[in-house]
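Colleague: Before I rely on the labels attached to this fold, I would like to hear how each of them was reached.
Modeller: Then let us take them one at a time, with the picture in view.

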Amino acid sequence: MNVWAMNMERFSRQIRFAPFGAEGQKNLRDATAVIVGCGALGTVQASLLARAGAGTIHLIDRDYVEESNLQRQLLYSEADARQGLPKAEAARRHLLDANSEIRIEAHVSDLNPENVDDLLSGANVILDGTDNFETRYLINDYSVREGVPWIYGAAVGSYGIVMPVLPGDSACFRCVYPEPPMGAQPTCETAGVLGPVTSLIGSLQAMEAIKMLSGRSESVRRKIFTADLWHGPIRETGMSARDPDCACCGRHDFVHLNGRRAPVSLCGRNAVQIHEIRRPIDLADLASQLEGLGTVRSNEFALRFTLRQHDGNYEITVFPDGRAIVKGTTDIGVARGIYARYVGN
Ligand SMILES: [Zn+2]
């Protein structure tokens, strides 16, 4: 039986929308979307794209589901948080419940200069579900170098912003933000964030992605959308033209693709990510080594080890590729020390 013919009914309501149509549906089926970050924005993007029938979706996320995610990260359940599942894997499972006929790949990983070519290759569009400028500059460099569009989105408090980047056509991210913002920025941990805002921003990103993937890029809104859903206005402003001197899309100086990353302190989260260490770790082995030293919980995707020390409590989550998140400190040295002491390097 022709599987495709069988399933047109599933998409009948969007095919009925004339600018999308049956051709848009087929184009979408043949397309690949990469979602970087499976938090509040990424789960909304992924849910809408999977249900719409995007043929291949790659999910990239380095984190695991926690109870405090459930207020806005629409794909996850209490069971995911209890099990400490990696977000990419939990999202993949829930997306397949909604549409089992598409291909979904979960990458429990941190997008960085070393793996960016592997993880983003084949993308027809990249959706930003990250929470930091460093990763956005990396995505932007890749996007401009490879000519793959991406859609910037961010939300904090009651505020959100969306901007599509169409390489060779619109301004790129570095045309608009040549430098990251100075000083401490509000984060979802320090300033909070509201679910309707992240859902709105994720939806707008998914909308522009569906236009691109269905072959209707001419309909992409070449605007910067901003909204403050609690205090302020909802606005669209025209995007500035491309800056001919832009280091990225003008001079092709892809500095972020060439960088090597040091451990990062996860802003506002009292945690440090150790991601420069790359070597496979057998989590079952490690679990038995740590037995008796603290509380250990592990599955095939991650191991969580809680440690009480005289100077505080720490929680280390170790992933099979050697990466780890150390909670309980923002001091990179302390985090490295704990990693070295309990995981080894
Ligand atoms: Zn530029």
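Colleague: What makes this sheet open, and in which order do its strands lie?
Modeller: In this predicted model, eight strands form an open sheet in the order 3-2-1-4-5-6-7-8, with mixed pairing. Strand 3 (103-108) and strand 8 (234-238) each have a single partner strand, so one side of each is left without a neighbour in the sheet. From one strand to the next, the twist averages 15°.

Colleague: How do you know that strand 7 and strand 8 pair?
Modeller: Pairing requires at least two bridges between the strands, and five bridges join strand 7 (residues 223-228) to strand 8, the two running antiparallel; within strand 8, Glu236 is the residue that stands opposite Phe225.

Colleague: And which helices pack against the sheet?
Modeller: Helix 4 (residues 40-52) packs on it, touching strand 1 (32-36), strand 2 (56-61), strand 4 (125-128) and strand 5 (150-156), and its direction makes about 165° with that of strand 1. Helix 8 (residues 133-146) lies across strand 1, strand 4, strand 5 and strand 6 (159-165), at about 170° to strand 5.

Colleague: Why is strand 1 called mostly covered?
Modeller: A residue is buried when its relative accessible area is under 20%, and five of the five residues in strand 1 are buried. Thr32, Val34 and Val36 point one way from the strand, whereas Ala33 and Ile35 point the other way, and all are buried.

Colleague: Which strands pair with strand 1, and in what sense?
Modeller: Strand 1 and strand 2 pair in the parallel sense over five bridges, with Ile57 of strand 2 as the bridge partner of Ala33. The chain passes from strand 1 through helix 4 to strand 2, and this β-α-β crossover is right-handed. Strand 1 also runs parallel to strand 4, to which four bridges join it, and there the bridge partner of Val34 is Ile126.

Methods. Residues numbered from 1 in each chain as written. Predicted model: local features only at pLDDT ≥ 70, side-chain atom pairs only at ≥ 80, totals over all residues. Heavy atoms only, no water. Axes fitted to C-alpha atoms, helices over the stretch in contact; angles between N-to-C directions. Contact = heavy atoms within 4.5 Å. Buried < 20%, exposed > 50% of the residue type's maximum accessible area, 1.4 Å probe, protein only. Right-handed = clockwise from strand over helix to strand, strands pointing away.
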